[in-house]
Amino acid sequence: DFYYNRSESGFEDVNALYHLTAFHDHIASLGYDTLMKVGVTVDTHGMLGADNSAFNRNGGSPTLDFGTGGVDDAEDADVIIHEYSHGLSWSANGNDNFNNARSGLDEGLADYFAMSYSRALNPFGWEKIFSWDGHNEFWGGRTATTPNNYPAGANIYAVGEIWNAAMSAIYTDLGQIVADKLMLESMHFFTNTTALSEAAVYVLQSDTLLFAAAHAATICNRFQSKNILTVNCTPSSTEDLLKPAAPIAISNSYGFSFLNEDLEIVFDQSASGQLALYDIAGQKVRDLHFKNSKKIALSPEDLAAGIYILNIRTEHAQLSIKLSK
């Protein structure tokens with residue numbers, strides 16, 4: 001028997017073990033059992049007693065650390081699932097060194113999974129993220145129903161609340177299973193610089209891949225309501241305010257996937273190198289060498305529907321991203 005009260009350290013240990021196991025079983029049941037398929041070291045009395053918690057990649061041997069300041073963080077399933085969800089994001093694509101916009105997106109997706117998990121257990125007060133650890137004299141917690149619209153400044157937590165609000169509304173419309181699958185699938189497309197508007201397009205792409213675009217109108221409506229997408233269901237330009245220039249920039253991924261338009265690859269300086277496109281089976285379907293170019297285009301013509309990996313190498317930089325058609 002694991003029987004502890006809150007004054008005993010075993011309480012936080014068992015609470016974390018239970019919720020991490022239950023949540024991982026849930027995502028595995030949705031078909032994403034490869035995410036975070038790695039041993040995780042969990043310290044439920046860590047962070048040197050601070051009122052904070054963290055997921056650490058730790059060179060591929062990840063750790064979860066939960067502080068004990070204020071309310072012990074590992075007493076709140078929302079905190080446990082939030083931090084573990086940063087691990088899901090890392091596991092999906094190995095991203096690190098996020099820019100500001102991408103950090104806000106990661107906070108938003110982690111808040112979303114915390115909301116989804118606890119809302120499925122008990123919908124009372126579902127909009128209060130960290131309903132036990134926060135919303136008290138120690139700190140205010142966060143909300144899944146923020147009235148703010150994108151971009152709402154550069155604070156990553158404010159940006160995250162906006163993403164969570166849109167995804168939580170999609171959960172309300174479509175239910176937990178569909179919304180969770182859309183979030184889990186779309187994460188595989190994120191890069192270190194993915195902003196909310198791009199991520200929303202990846203959610204739409206995921207709906208096409210998983211559900212033959214059955215929910216596109218609902219998804220567009222919810223992202224439009226938070227100014228993440230425009231009224232035409234295309235990415236808003238506000239994300240550019242938060243994104244620094246990159247050595248290799250990709251644009252018109254939406255047009256490439258849905259409108260049979262060219263994907264544009266723009267370099268911050270004239271570059272020479274190679275572009276290679278692989279299908280999901282690892283077969284090279286496009287191979288292009290370029291020299292002293294500032295911009296090149298990739299046509300979707302003759303490509304079958306599916307997932308592709310685009311690799312770009314120059315003398316200055318390299319980039320690998322996923323595309324859908």
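By class, how many nonpolar, polar and charged residues does the lining of the second largest pocket have? The lining has eight nonpolar, six polar and nine charged residues, where Ala, Val, Leu, Ile, Met, Phe, Trp, Tyr, Cys and Pro count as nonpolar, Asp, Glu, Lys and Arg as charged, and the others, Gly among them, as polar. The model is predicted, so local features need pLDDT of at least 70 and side-chain atom pairs count only at pLDDT 80 or more, while totals for chains, interfaces and linings use all residues. Residues are numbered from 1 along each chain as its sequence is written, and side-chain values use heavy atoms, with hydrogens and water left out.

The second largest pocket holds about 520 Å³ of space. A pocket is an open set of points on a 1 Å grid over the protein atoms alone, where a 1.4 Å probe fits, with protein on both sides within 12 Å along at least five of seven lines; lining residues have an atom within 4 Å of a point. The volume is the space filled by probe spheres set on the points. There are 23 lining residues, and S53, H82, E83, E107 and Y157 are the closest to the centre of the pocket. Strand 2 (53-56), helix 2 (77-93), helix 3 and helix 4 each give two or more residues to this lining, and helix 2 provides the largest share, four residues. Helices (H or I, at least four residues) and strands (E, at least two) are DSSP runs, numbered from the N terminus.

Helix 3 (residues 100-121) and helix 4 (residues 156-174) also pack against each other, at an angle of about 40° and with their axes 7 Å apart. By class, their contact has eleven nonpolar, nine polar and three charged residues.

Aromatic rings form ten pairs in the structure, a pair being rings of Phe, Tyr and Trp (its six-membered ring) with centres within 6.5 Å. The rings of F23 and Y84 have centres 6.0 Å apart and planes at 80°, so this pair is edge-to-face, the term for planes over 60 degrees apart. F23 in helix 1 (residues 9-29) and Y84 in helix 2 are 61 residues apart, and the pair thus links distant parts of the chain.

Two loops hold backbone features of note. Most residues other than glycine have a negative phi, and most peptide bonds are trans. M47, in the loop between strand 1 (41-43) and strand 2, is not a glycine, yet has a positive phi of about 60°. The peptide bond from Y150 to P151 is cis, with omega near 10°, and P151 lies in the loop between strand 5 (142-143) and helix 4.

Methods. Axes are lines fitted to C-alpha atoms, for helices over the stretch in contact, and angles run from 0 to 180 degrees between N-to-C directions. Rings of Phe, Tyr and Trp (its six-membered ring) pair if their centres lie within 6.5 Å; planes under 30 degrees apart count as stacked, over 60 as edge-to-face and the rest as tilted.
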